[in-house]
Amino acid sequence: MSTTFQLDTSTSRANPTPQPMRRLTVPKIRARKQDGVTAEPLVMLTAYTARQAQLLDEHCDLLLVGDSLGQVIYGLPSTIPVTMEMMANHGAAVVRGSYHAVVVIDMPFGYYEASPQQAFESAALLLKQTGAAAVKLEGGEAMAETVAFLNQRGIPVMGHVGLTPQAVNVLGGYGARGRTDSEAGKILSDAKALDNAGAFAIVVEGVVEPIAIDVTKSVACPTIGIGASALCDGQVLVTEDMLGMFERVPRFVKRYEDIAGIIQKTVTRYAEEVRNRSFPGEEQTYQPKD
Ligand code: KIV
């Protein structure tokens, strides 16, 4: 698959001309798991900006505009303060920057839990304002009615069970879930309820591996693991975590690069060159035409 974007720098560096290609669809993602088997695991990463989406798109089946943007982009202490406006702005940017992956957008805390009607209004607004194909919401059995309600009204839903960060104040932290029998049983029944309600996929976050495997075997739709198990039907990570933007990352994150280190080194060089007047050089300086 060729994915070279031609950047039209005369207009805008964020205005790619992608190769014409059909975007993956939610039914295609759902169909990747057949009779309990996902031959090719689903690849999902978070994306919050157009340029990031351009770079990730060809490699991913799904791009998640996660409400983790609250912490990653806005420096907030949790996902609780994230607003619809933040999600809509970043969601629209990610859709503009992609043409292959299915874009899923998180429903922010406080805009969907009260009733299926509230969830429909928020989800419809997000899809209208962004062009994303689906929403993700946190919660299990308590959200099953909402998932069915949205699905029946044309809004595909990705579920999210286990460690659900929007419930941090109830859970008391971000530790792994499913260590007791009752927690494990609840995660399993949550996932089954979402599956029965028509969720097209379910994120399984921060759970002990046997529970992740059990959930994956027990639901018809694909599971997407994060801090769960390689045997889930797919995986997701926060892109900035796996690229090494942050020094401290949870145990389940593999840091594939040290982007923070690269930025530090590069900016050190830039600052030196500005201070010793070696930047801008001749090549970066306009002279009058003769
Ligand atoms: O908000 C987010 O980025 C997420 C993923 C970590 C699954 O929900």
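Tutor: Helix H5 (residues 116–130) packs against helix H6 (residues 144–152) at an angle of about 50°, and their axes are 9 Å apart. Helices (H or I, at least four residues) and strands (E, at least two) are DSSP runs numbered from the N terminus. The model is a predicted one, in which local features need pLDDT of at least 70 and side-chain atom pairs count only at pLDDT 80 or more, while totals for chains, interfaces and linings use all residues. Residues are numbered from 1 along each chain as its sequence is written, and side-chain values use heavy atoms, with hydrogens and water left out.

Student: Why is H5 called oblique to H6?

Tutor: Angles under 35 degrees count as roughly parallel, over 145 as roughly antiparallel, 65 to 115 as roughly perpendicular, and the rest as oblique. The angle between H5 and H6 is about 50°, which makes H5 oblique to H6. The angle is taken between N-to-C directions, from 0 to 180 degrees, on axes fitted to C-alpha atoms, for helices over the stretch in contact.

Student: Which residues meet where H5 packs on H6?

Tutor: Pro116, Gln117, Ala119, Phe120 and Ala123 of H5 meet Glu145, Thr146, Phe149 and Leu150 of H6, where contact means heavy atoms within 4.5 Å. By class, this contact of H5 with H6 has six nonpolar, two polar and one charged residues. Here Ala, Val, Leu, Ile, Met, Phe, Trp, Tyr, Cys and Pro count as nonpolar, Asp, Glu, Lys and Arg as charged, and the others, Gly among them, as polar.

Student: What makes H8 roughly parallel to H9?

Tutor: The axes of helix H8 (residues 181–197) and helix H9 (residues 209–218) cross at roughly 25° and come within 10 Å. That angle makes H8 roughly parallel to H9. On the H8 side the contact is made by Ala184, Ile187, Leu188, Ala191, Lys192 and Asp195, and on the H9 side by Ile211, Asp214, Val215 and Ser218. The classes in this contact of H8 with H9 are six nonpolar, one polar and three charged residues.

Student: How do you know that strand E10 is largely enclosed by the rest of the structure?

Tutor: Buried means under 20% relative accessible area, exposed over 50%, and partly exposed in between (1.4 Å probe, protein chains only). Five of the five residues of E10 (residues 201–205) are buried, so E10 is largely enclosed by the rest of the structure. Ala201, Val203 and Glu205 are buried on one side of E10, and Ile202 and Val204 on the other.

Student: With which strands does E10 run parallel?

Tutor: Five bridges join E10 to strand E9 (residues 157–162), which runs parallel to E10, and four bridges join E10 to E11, also parallel. Two strands pair if DSSP finds at least two bridges between them. Val161 has Val204 as its bridge partner in E10, and Ile202 stands opposite Thr223 in E11. These strands belong to a closed barrel of eight strands with parallel pairing, running E5-E6-E7-E8-E9-E10-E11-E12. Direction ignored, neighbouring strands of this sheet are turned by 25° against each other on average.

Student: Why is Thr223 called buried?

Tutor: Thr223 has a relative accessible area of 0%, and is therefore buried. Thr223 is in strand E11 (residues 223–226). Leaving out residues up to four places away in sequence, Thr223 touches Ile202, Val204, Val215, Thr216, Cys232, Asp233 and Gly234.

Student: What makes Asp35 exposed?

Tutor: The relative accessible area of Asp35 is 80%, so Asp35 is exposed. Asp35 is in the loop between strand E3 (33–34) and strand E4 (37–38). Although not a glycine, Asp35 has a positive phi of about 50°.

Student: Is Arg277 buried or exposed?

Tutor: Arg277 has a relative accessible area of 75% and is therefore exposed. Arg277 lies in the segment after H11, and its phi is near 60°, a positive value in a residue other than glycine.

Student: What is the omega of the peptide bond from Phe279 to Pro280?

Tutor: Omega is near 0° for the bond from Phe279 to Pro280, and this peptide bond is cis. Pro280 is in the segment after helix H11 (259–275).
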